[in-house]
Amino acid sequence: MFLGPSNTAGKVDTAFLLIVAMCVALLVIVTVSMVVFLIKYNRKRHPQHEVVKENMVLEITWTVIPTILVLLMFYFGWVNFDYLRNPPRDAMPIQVIARQWSWMFVYQNGIQSDVLKVPLNKPVELVLTSQDVIHSLFIPAFRIKEDCVPGMKTHLWFNANAAGTYDIFCTEYCGVGHSHMLSKVIAMPASDFETWYKTGQAAAPADKGYRILQSKGCLGCHTVDGTRNIGPTFKGIFGRSVTVTTNGRERQITADGEYLKRSILKPGADIVKGYPPVMPEIPLTEEELERIIKYLEGLK
């Protein structure tokens with residue numbers, strides 16, 4: 001079996017390359033045979049046609065050999081499919097919550113993260129669901145993909161073999177922010193993972209308002225460094241003059257605390273000019289809302 005950054009990559013690559021090798025071999029055999037027959041049985045060489053009788057051995061051969069090859073490909077496909085669909089009993093479960101347009105990973109001890117951190121050489125089972133529309137989690141380096149469907153749970157598992165950072169994409173078109181729905185898998189030594197797992201959010205930025213924005217998926221559409229995204233940047237937003245559309249009328253408004261709270265709780269009330277009205281309602285407690293506003297107020 002070919003080795004890769006994960007056990008699943010090795011399995012998929014082995015089956016894929018085996019099938020490709022069989023197809024290339026058949027292509028060469030068929031192509032060479034055609035060329036030989038065209039030359040050997042050219043009309044100039046054989047101006048008078050001959051009656052060709054059936055050849056039972058030949059017919060059995062070209063029926064049996066392709067059948068064996070197809071069954072062989074089916075065998076590798078089925079065995080690997082069964083392997084990929086059934087995680088080991090000791091796999092570490094991690095809940096994956098997809099939403100427009102970000103990922104959230106929830107661990108057994110309650111840690112929430114917008115990146116997927118996993119230990120090396122330990123099976124990890126992802127339990128996927130969606131808060132809104134159908135998404136699809138895809139980790140190209142690991143050769144795995146699974147849909148995230150509202151109202152149901154789907155499953156995926158892998159075992160990371162090599163330390164590193166790997167891309168996560170959404171491969172199911174899920175709206176205007178689909179191309180921005182990105183994240184990372186960070187595979188780290190077991191000791192480093194245990195340290196992070198025990199300290200939890202200590203490694204994240206200290207401001208609780210930022211962590212709330214991160215965990216609720218707000219940073220999938222808004223930035224904190226001034227760059228443009230699906231939604232307005234949070235940098236310098238507090239106290240800024242904003243052009244919005246309210247009940248079909250355009251007006252100027254100051255982005256104070258009340259405006260920001262209303263925009264979070266009722267995102268369709270005031271649509272910022274130049275941005276699509278695609279923000280969903282975000283469930284927040286009063287304390288979470290206050291911490292977000294406090295963080296945005298200090299984000300100059």
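## A buried aromatic pair

Both phenylalanine 142 and phenylalanine 158 are buried, a word used here for residues under 20% relative accessible area, with exposed meaning over 50% and partly exposed in between (1.4 Å probe, protein chains only). The model is predicted, so local features need pLDDT of at least 70 and side-chain atom pairs count only at pLDDT 80 or more, while totals for chains, interfaces and linings use all residues. Residues are numbered from 1 along each chain as its sequence is written, and side-chain values use heavy atoms, with hydrogens and water left out.

The structure holds twelve aromatic pairs, where rings of Phe, Tyr and Trp (its six-membered ring) pair if their centres lie within 6.5 Å, and planes under 30 degrees apart count as stacked, over 60 as edge-to-face and the rest as tilted. In one of these pairs, the ring centres of phenylalanine 142 and phenylalanine 158 are 5.0 Å apart and the planes stand at 45°, so the pair is tilted. Phenylalanine 142 belongs to the loop between β6 (135–139) and β7 (144–148), whereas phenylalanine 158 is in strand β8 (residues 154–159), 16 residues apart, and the pair thus links distant parts of the chain. Helices (H or I, at least four residues) and strands (E, at least two) are DSSP runs, numbered from the N terminus.

## Other aromatic contacts

Tyrosine 210 and tyrosine 295 are both buried, and because their ring planes stand at 70°, with the centres 5.9 Å apart, the pair is edge-to-face. Tyrosine 210 lies in helix α4 (residues 208–215) and tyrosine 295 in helix α6 (residues 286–297), so the pair ties together parts that are 85 residues apart in sequence. Elsewhere, one aromatic cluster is formed by Tyr107, Phe193, Trp196 and Tyr197.

## Helices α1 and α2

The axes of helix α1 (residues 7–40) and helix α2 (residues 56–85) come within 10 Å and cross at roughly 170°; axes are lines fitted to C-alpha atoms, for helices over the stretch in contact, and angles run from 0 to 180 degrees between N-to-C directions. That crossing makes α1 roughly antiparallel to α2, given that angles under 35 degrees count as roughly parallel, over 145 as roughly antiparallel, 65 to 115 as roughly perpendicular and the rest as oblique.

## An open sheet

Five strands form an open sheet in the order β3-β2-β1-β5-β8, with mixed pairing; two strands pair if DSSP finds at least two bridges between them. The edges are taken by β3 (112–113) and β8, each with a single partner strand, so one side of each is left without a neighbour in the sheet. Strand β2 (residues 102–106) and β3 run antiparallel and are joined by two bridges, with phenylalanine 105 opposite serine 113 in β3.

Serine 102, in strand β2, is buried, with a relative accessible area of 8%. Glycine 110, by contrast, lies in the loop between β2 and β3 and is partly exposed, with a relative accessible area of 46%.
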